[in-house]
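Try each one yourself before you read its solution.

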Amino acid sequence: MKNKLIALMTAGAMTMSMAAPALADDSTPLGAVGALLGATTATIIDTPEGVIYHSLYNCPLKTTKYLAEAFGDSEGLGQNVVGAILGIPVGMVWGIPYGAITGMMYGMRTGWEKPFSTESYIVVEEN
């Protein structure tokens, strides 16, 4: 009985979260409570997204490019190989806390400004 209740509550929460982006219409009076709930859900979703994005792609790529440029030639084969050997592991390690902080801040900001919108649930590369 307890497992059925947990399964029913989980299914209900998933159903409500799937319909939540429909509440992003500007005419819907969400108010501060809706903005708080939007920021909370976006923060919960965007924090692991930020960790994955920054630790596996963004930070290793930028660190590799920066090191190749620092070694003399950003287009050189030797500089890029050494930059990749050093930059990928360092970028992955650095990307975990950086992605967590960046994803959390992005989720809080966009979740509050545009609660339950598609933009608040996708971590995008900053400019």
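pLDDT is the predictor's confidence in each residue, on a scale from 0 to 100. You'll want that in mind, as what you see is a predicted model.

**Exercise 1. Find out how confident the predictor is across the chain, and where its confidence is lowest and highest.**

Step 1: Start with the whole chain. Its mean pLDDT is 82, and 83% of the residues reach 70 or more.

Step 2: Now go element by element. Helix 1 (residues 2-19) has the lowest confidence, with a mean of 70. Helix 3 (residues 77-113) has the highest, at 91.

Step 3: Keep a reading rule handy: where pLDDT is low, the predicted coordinates should not be read in detail.

**Exercise 2. Describe the overall make-up of the chain: which elements does it have, and how much of it is buried?**

Step 1: Check burial. Of the 127 residues in the chain, 29% are buried.

Step 2: The accessible surface is about 8600 Å², and carbon and sulfur atoms account for 73% of that.

Step 3: Turn to contacts with a separation of 6 or more. Residues 24 or more positions apart make up 75% of these.

**Exercise 3. Compare the span of helix 2 with that of a straight helix, and look for a kink.**

Step 1: Work out what to expect. A straight helix of 40 residues would span 58 Å at 1.5 Å a residue.

Step 2: Compare that with the model. Between its end C-alpha atoms, helix 2 spans only 50 Å.

Step 3: Search along the helix. A kink of about 50° is centred on His54.

Step 4: Step just past the end of helix 2. There, Gly72 has a positive phi of about 130°.

**Exercise 4. Say what stands out about the phi of Phe116, and whether Phe116 is buried or exposed.**

Step 1: Locate Phe116 in the segment after helix 3.

Step 2: Recall the background. Most residues other than glycine have a negative phi.

Step 3: Check the angle. Phe116 isn't a glycine, but its phi is positive, near 60°.

Step 4: Check the accessibility. Phe116 has a relative accessible area of 10%, so it's buried.

**Exercise 5. Find out how many salt bridges the structure holds, and which residues take part.**

Step 1: Count them. The structure has one salt bridge.

Step 2: Name the partners. The side chains of Glu119 and Lys114 meet at 2.6 Å, N to O.

Step 3: See how accessible the partners are. Glu119 is partly exposed at 46%, and Lys114 is partly exposed at 41%.

Methods:
Residues numbered from 1 in each chain as written. Predicted model: local features only at pLDDT ≥ 70, side-chain atom pairs only at ≥ 80, totals over all residues. Heavy atoms only, no water. Salt bridge = Lys/Arg side-chain N within 4 Å of Asp/Glu carboxyl O. Buried < 20%, exposed > 50% of the residue type's maximum accessible area, 1.4 Å probe, protein only. Helix = DSSP H or I, 4+ residues; strand = E, 2+ residues; numbered from the N terminus. Expected span 1.5 Å × (residues − 1). Bend = angle between axes of the 7 residues up to and from the residue. Contact = heavy atoms within 4.5 Å. Areas by Shrake-Rupley, 256 points an atom, 1.4 Å probe, with all protein chains shown as cover.
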